[in-house]
Amino acid sequence: MKVAIFGPERRVGIIRNESVVDVNATYAKYLAETTGAARAQAQADLVVPHELSAFIAEGTRALEEAQTAVEYLWSAAEDDRGLLGEQLCFKLGDVELHPPVAKEARIFCALANFYDHMEAASKNSSAGDTSEVLERLVKGGPKYFLKDHRAVSADGQEVRYPERTKRLDYEAEVAILIGKRGRDIRSDDALPYIWGYTLHNDWSVRDNVSFGPDFMHSKNFDTSATIGPWIVVGEELDPQNIPIECRVNGEIRQSGNTKSMVHDFAAFIQHLSADTTLYPGDLVSSGTPKGTAIDSSQQQPDGSHPETLFVKPGDVVEVSSSLIGTLRNLVVKAAN
């Protein structure tokens, strides 16, 4: 099942036959026509909410009832209109898809979590202590940083090239969504907390790479986290065997798999939930495999990297997985 967020009200939809179905309104129609419920819309708002975080929090019941309603709409409904005559089904090309990120969700991003990425960066470094620093990042427990949920961008949206950079990088990643509230979760118990899977392009400013106090500044700017295009739910995917690729202007740059993560998703769930509650809709992103511009560029004596492989305005960047979908974004010059 592919769960998307669509339209001006950012409602939950299910992708079906190249269309997006409004699951909340469809479930209300299903109840009214099959049970004669007097307050079908009110029941639908409780069981199949239209807002993503509430929909996730309802768990398996919401998914099952939504699926039942969509099947009914396509096979047995009297028509394709809602209780008030509203449109229920929209062609993908006719409706805007938003990043499938719940309100106030935290976006936890794994740091230094693919050894081949860190190894390549180390080999291309000219700094004497870079190898030692990267080894410290890889060893030990999981490490992460946060992306601002208000800075997300969607599949097809133009990505703003920050004025402060000449070296904008891409990072193809897989992200999981947390499905239920939990704290102090053991890694052995972590898998039931994974609700679904999506893609993440972790755009990064690389002019002055530092793992110090300014690191978050290089990771957060408007449109700096492209997430989507939807969430794959209920497909019984193995979180540690999901392929991921990145292409720039059609040229493949990255090709990896989550099986190569240094710390797997279960380890991150345990780490992040220690003394801290995880909530439905929180995202955990995998980190990225080798092939980024920075790990593929030889560092110069002054500490900078050649601009050649970094993206520029006019470039088209695609992050894809055969099990999830494709994110495609045009990079554009910043316009205030």
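Strand β3 (residues 19–22) sends S19 and V21 one way and V20 and D22 the other, yet all are buried, with buried taken as under 20% relative accessible area for a 1.4 Å probe and protein chains only. Strands here are DSSP E runs of at least two residues, and helices H or I runs of at least four, numbered from the N terminus. This is a predicted model, where local features need pLDDT of at least 70, side-chain atom pairs count only at pLDDT 80 or more, and totals for chains, interfaces and linings use all residues. Residues are numbered from 1 along each chain as its sequence is written, and side-chain values use heavy atoms, leaving out hydrogens and water.

β3 pairs (DSSP finds at least two bridges) with β2 (residues 11–16) in the antiparallel sense over four bridges. R16 sits opposite S19, and in the hairpin, with two residues between the strands, N17 adopts a positive phi near 55 degrees. β3 also pairs with β4 (residues 89–91), again antiparallel, over three bridges; there, K91 is the bridge partner of S19.

Turning to helix α8 (residues 265–273), its buried residues are F265, A266, F268, I269, L272 and S273. They lie on the same side of α8 because they cover an arc of only 160 degrees around the axis, taken from the directions from the helix axis to the C-beta atoms. These buried residues pack against β6 (107–110), β7 (144–147), β11 (172–178), β12 (194–202) and β17 (283–285), contact being heavy atoms within 4.5 Å. At the start of α8, a side-chain oxygen of D264 comes within 3.3 Å of the backbone nitrogen of A266. After α8 comes D275, with a positive phi near 65 degrees.

Key:
Buried < 20%, exposed > 50% of the residue type's maximum accessible area, 1.4 Å probe, protein only. Polar contact = N/O pair within 3.5 Å; in protein donor to acceptor, adjacent residues only side chain to side chain.
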